[in-house]
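Reader: I have the sequence and the model before me for the first time. May I put some questions about what they show?

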Amino acid sequence: MGSEMCIRDRLATATPGTITVAAGATPVNASLTNLTPGATYYFRAYAVNSGGTAQSSMQSFSTPKLTQSIVWGASPIVSIGTSSTINATGGTSGAPVVFGSSTPSTCLVSGNQVTGVAPGTNNCTLTANQAGDASHLPAPQATLTISVVAGVPSACLLYTSPSPRDLST
């Protein structure tokens, strides 16, 4: 149920959160709070005097949706043929952050794992997206550029055994 405003004339305009009704040369404002983001609200102004009641046509306004953003976690270290975990935090819609690769010739993404395909400096571009909902806009796509290293060298130990000796003497 809405609030009532009584005025003499009926010219109404609205912006999200405020309704202005002009009563002759004197506007009447009503501030609205606790509105749902991404919702459309309808209102009608009416005036009551000794001549009766007059009302305006139905007016409406929509509240803007909330914005979201994506923040990358730590950059993964990726080498050819190995997978590393990628992570990012999204906005408040609760929708999952979905990862991808815009450079599949150098790195592939499956779920939250990135796998190196070809080595290079700053040659793997990861993408992160988050959908919107009734109250939230989709987050703008976030990208992260990383390098794919050729691999971690193996460490080998080389030792030679000493010549056998007689320790009894």
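**Questions on the structure**

Reader: Which residues is Ala131 in contact with, leaving aside its neighbours within four places in sequence?
Author: A contact here means heavy atoms within 4.5 Å. With the neighbours within four places in sequence set aside, the contacts of Ala131 are Gln68, Ser93, Ala95 and Pro138.

Reader: What kind of model is this?
Author: Residues are numbered from 1 along each chain as its sequence is written, and side-chain values use heavy atoms, with hydrogens and water left out. Local features need pLDDT of at least 70, side-chain atom pairs count only at pLDDT 80 or more, totals for chains, interfaces and linings use all residues, and the model itself is predicted.

Reader: How many strands are there in the chain?
Author: Helices (H or I, at least four residues) and strands (E, at least two) are DSSP runs, numbered from the N terminus. By that rule the chain has zero helices, and its strands number 16.

Reader: In what order do the four strands of the open sheet lie?
Author: Two strands pair if DSSP finds at least two bridges between them. Strands β9 (78–79) and β12 (97–101) each pair on one side only, as edge strands. The pairing in this open sheet is mixed, and the order is β9-β16-β15-β12.

Reader: Over how many bridges do β15 and β16 pair?
Author: Strands of a sheet pair through backbone hydrogen bonds, either parallel or antiparallel. Strand β15 covers residues 120–130 and strand β16 residues 139–149. Leu126 stands opposite Leu144 in β16. The two strands pair in the antiparallel sense, and the bridges number seven.

Reader: Is Ala131 buried or partly exposed?
Author: Ala131 is placed in the loop between β15 and β16. Its C-alpha atom is separated by 6.1 Å from that of Ala95, 36 residues apart along the chain. Buried means under 20% relative accessible area, exposed over 50%, and partly exposed in between (1.4 Å probe, protein chains only). At 46% relative accessibility, Ala131 counts as partly exposed.

Reader: With which side chain does His136 make a polar contact of 2.8 Å?
Author: His136 lies in the loop between β15 and β16 and is buried, with a relative accessible area of 9%. A polar contact is a pair of N or O atoms within 3.5 Å; within protein, one must be able to donate a hydrogen and the other to accept it, and residues adjacent in sequence count only if both atoms are side-chain atoms. The contact of 2.8 Å is with the side chain of Asp133.

Reader: Why is the disulfide of Cys107 and Cys124 right-handed?
Author: A disulfide counts as a pair of cysteine sulfur atoms within 2.5 Å, and Cys107 and Cys124 are joined with an S to S distance of 2.0 Å. The pair links distant parts of the chain, with Cys107 in strand β13 (residues 107–110) and Cys124 in strand β15, 17 residues apart. Both cysteines are buried. The disulfide is right-handed because the torsion about its S-S bond is about 90 degrees.

Reader: How many aromatic pairs are found in the whole structure?
Author: Rings of Phe, Tyr and Trp (its six-membered ring) pair if their centres lie within 6.5 Å; planes under 30 degrees apart count as stacked, over 60 as edge-to-face and the rest as tilted. By this rule, the search of the whole structure gives a count of three.

Reader: Are the rings of Tyr41 and Phe61 stacked or tilted?
Author: Tyr41 and Phe61 have ring centres 5.7 Å apart and planes at 25 degrees, so the pair is stacked. Tyr41 lies in strand β4 (residues 40–43) and Phe61 in strand β7 (residues 59–62), 20 residues apart. Tyr41 is partly exposed at 24% relative accessible area, whereas Phe61 is buried at 6%. The arrangement asked for is thus stacked.

Reader: Which residues form one aromatic cluster?
Author: The rings of Phe43 and Phe61 have centres 6.4 Å apart and planes at 55 degrees, so this pair is tilted. Phe43 is buried, with a relative accessible area of 11%. The one cluster is formed by Tyr41, Phe43 and Phe61.
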